[in-house]
Amino acid sequence: MSSFYEIVELLNGDVALARADDEKNEPLVTIRFSEESLAFLGEEKFLVAKAMIEAGMEAAGDIADQQAEAMLDDIVEELSDTEKLMLH
């Protein structure tokens, strides 16, 4: 099952990533900019937040890939030489 995500502005002004189909709409990630940052960014805070979220999702994907690769390596190491040579 895949989910759609949306970037939303919370009542307190924070920017959040939430599942679009989540009834509770509990944010997965929340970004809070300082007053100084907000004064500089203005409405562009959403572009910055989007870039931050995309970078985080890419990093999370890389971590998941590394974990899956490590698990596969562990499984292959557990195979005996005979099992490695056996054709199925």
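Predicted model: local features only at pLDDT ≥ 70, side-chain atom pairs only at ≥ 80, totals over all residues.

Residues are numbered from 1 along each chain as its sequence is written, and side-chain values use heavy atoms, with hydrogens and water left out.

Three salt bridges (a side-chain nitrogen of Lys or Arg within 4 Å of a carboxyl oxygen of Asp or Glu) are found in the whole structure. In one of them, Lys 45 and Glu 9 meet at 3.0 Å, N to O. This pair links helix H2 to strand S1 (residues 5–9), 36 residues apart; helices (H or I, at least four residues) and strands (E, at least two) are DSSP runs, numbered from the N terminus. Lys 45 is buried at 7% relative accessibility, whereas Glu 9 is partly exposed at 45%. Here buried means under 20% relative accessible area, exposed over 50%, and partly exposed in between (1.4 Å probe, protein chains only).

Arg 32 and Asp 14 form a salt bridge at 2.8 Å, N to O, and these residues lie in two loops, 18 residues apart. Arg 32 is exposed at 62%, but Asp 14 is buried at 5%. Within helix H2, Lys 50 and Glu 54 are four residues apart and so separated by about one helical turn; their closest N and O atoms are 3.7 Å apart.

Asp 74, partly exposed at 43%, is located in helix H2 (residues 45–78).
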